[in-house]
Each structure stands twice: as structure tokens, then as C-alpha cells.
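Q: I have a structure open and would like to learn how to read it. Could you walk me through its features one at a time?

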Amino acid sequence: MTTYGTIPSGSGSVEFISRAKEQIKSGLGTRRPWKQMFFWEAFGLPHGFMEVISRIKTNTAYFRMNYALIVLGILFLSLLWHPISMIIFIAIMAAWIFLYFLRDEPLMIFNNMINDRIVLIVLSVVTIIGLMFTGVIPNVFSAVGIGAVFVLAHGAMRKTDDLFVDDEEAAHGFT
């Protein structure tokens, strides 16, 4: 009996990395084509405040991954002049990804199950302390503010006639 060509199932780290890759791919799979996002013929002035609100809701639901990438890109650019902050934020981001977003099983420390709420609180406190320690709170707020202005402006100006958000996306989105 030969078993060549099979991957042993006992290696937990390989399974974790494989599962993380799949979750990242599925998350990035919701990204819309940039060409569709910046299709210039789909831009126009809204006719009223309610249309602005409707457009922003639809566009944020439809382009949410693109918007997140843009805001994260602006945040990354704001930290380029603070290399120590960038290193600390990469470490904190890795902790968020592995301890909160990519976990399928409960976190166990010394044979005690740690509640997700505790993990969320601890990671939030570590993030706030990291922000305070590196002194980049103004940079982060300004970068997120610039990103929010971009998202709101794009969402208000991009017509939604050619966009379709299905029920599953709407359940996870803003509409």
C-alpha cells in the first residue's frame, strides 16, 4: 500500500497556513475590478440628498473591499515616514489576523478557553497602546479621514444604475 502523493494531515501549521490562504483569497475575491470602480461614464451629480445617501449605501456595499484597500493604502503611505510605527503596526496587524480573524477554533491558553470578547478587548488595548507608544495617532486619524472623504465622495458621485448587490452581499454589507 503506497501513500505517495498525499499530504500528511498531522501537520497543524501547514493546515493553518493553507486555511489562512483560502480565507484571504475568499476575502479578496469580493474585490470588484478597478476598471469598473473608475468607469468615468458612470459618474454624475446626484439630484438630491436622498439620492446621495442611496448611492453611498449601494456603492459601499458593492465596492467595500476596494474601499478598504484604498483606506489601508492611504494609512500605509501615512506611516512611511515612521518606520518604527510601521513595524509595530505590522506586528499588531499580524496578531489581529492570526488571533481574531483567521481562527476557526477557540483560543486555548494553559488549557483554558479564552472568549472571543476577551481576545477582542486585549487586541484593542494593545492596538491603542501601540498607537500611543509610537505617537502616530494624528497620522492615523488624518489618513483614515482622507480615506473616508475619498470613499464618501466616490460613493456619492458614482451612479449605481449598473451595480447589482445580491441578498448575500447585502446581508454582509451596508444596504
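The dialogue below goes from the whole chain to single residues.

A: Gladly! This is a predicted model, so local features need pLDDT of at least 70 and side-chain atom pairs count only at pLDDT 80 or more, while totals for chains, interfaces and linings use all residues. Residues are numbered from 1 along each chain as its sequence is written, and side-chain values use heavy atoms, with hydrogens and water left out.

Q: How many helices and strands are there in the protein chain?

A: Helices (H or I, at least four residues) and strands (E, at least two) are DSSP runs, numbered from the N terminus. Here the protein chain has eight helices and two strands, in the order α-α-α-α-α-β-β-α-α-α along the sequence.

Q: What percentage of the residues of the protein chain count as buried?

A: Buried means under 20% relative accessible area, exposed over 50%, and partly exposed in between (1.4 Å probe, protein chains only). By that rule, 26% of the 175 residues are buried. The accessible surface (Shrake-Rupley method, 1.4 Å probe; for residues, only the protein chains shown count as cover) comes to about 12,300 Å² for the protein chain, with 70% of it belonging to carbon and sulfur atoms.

Q: Which residues form a nonpolar patch on the surface?

A: Like charges are joined within 9 Å, and nonpolar side chains (Val, Leu, Ile, Met, Phe, Trp, Tyr) within 5 Å. In this model Phe 76, Leu 77, Leu 80 and Trp 81 make up such a patch, with about 480 Å² of accessible area together. Phe 76 sits in helix α4 (residues 64–78) and is partly exposed, at 43% relative accessibility.

Q: Which residues does the UniProt annotation "transmembrane region" cover?

A: UniProt positions are given in the numbering used here, feature names are shortened, and annotations may be inferred rather than shown by experiment. The unreviewed UniProt entry places this annotation on residues 84–102 and 140–157. In the model, residues 84–102 are 95% helix and 0% strand, with end C-alpha atoms 26 Å apart. Residues 140–157 are 100% helix and 0% strand, and their end C-alpha atoms lie 26 Å apart.

Q: What does the side chain of Asn 59 reach?

A: A polar contact is a pair of N or O atoms within 3.5 Å; within protein, one must be able to donate a hydrogen and the other to accept it, and residues adjacent in sequence count only if both atoms are side-chain atoms. The side chain of Asn 59 reaches the backbone oxygen of Gly 155 at 2.8 Å. Asn 59 lies in helix α3 (residues 49–62) and is buried, because its relative accessible area is 0%. Ala 61 is also in helix α3 and counts as buried at 2% relative accessibility. Between Ala 61 and Gly 155 there are 9.9 Å in space, C-alpha to C-alpha, and 94 residues in sequence.

Q: Where does Phe 110 lie?

A: Phe 110 is in the loop between β1 (107–109) and β2 (112–114), and Asn 111 is in the loop between β1 and β2 as well. Most residues other than glycine have a negative phi. Phe 110, however, has a positive phi of about 50°, and Asn 111 has a positive phi of about 60°. Phe 110 is exposed at 76% relative accessibility, and Asn 111 is exposed at 74%.

Notes
Patch = residues over 30% accessible without salt bridge, like charges linked within 9 Å, V, L, I, M, F, W, Y side chains within 5 Å. Salt bridge = Lys/Arg side-chain N within 4 Å of Asp/Glu carboxyl O.
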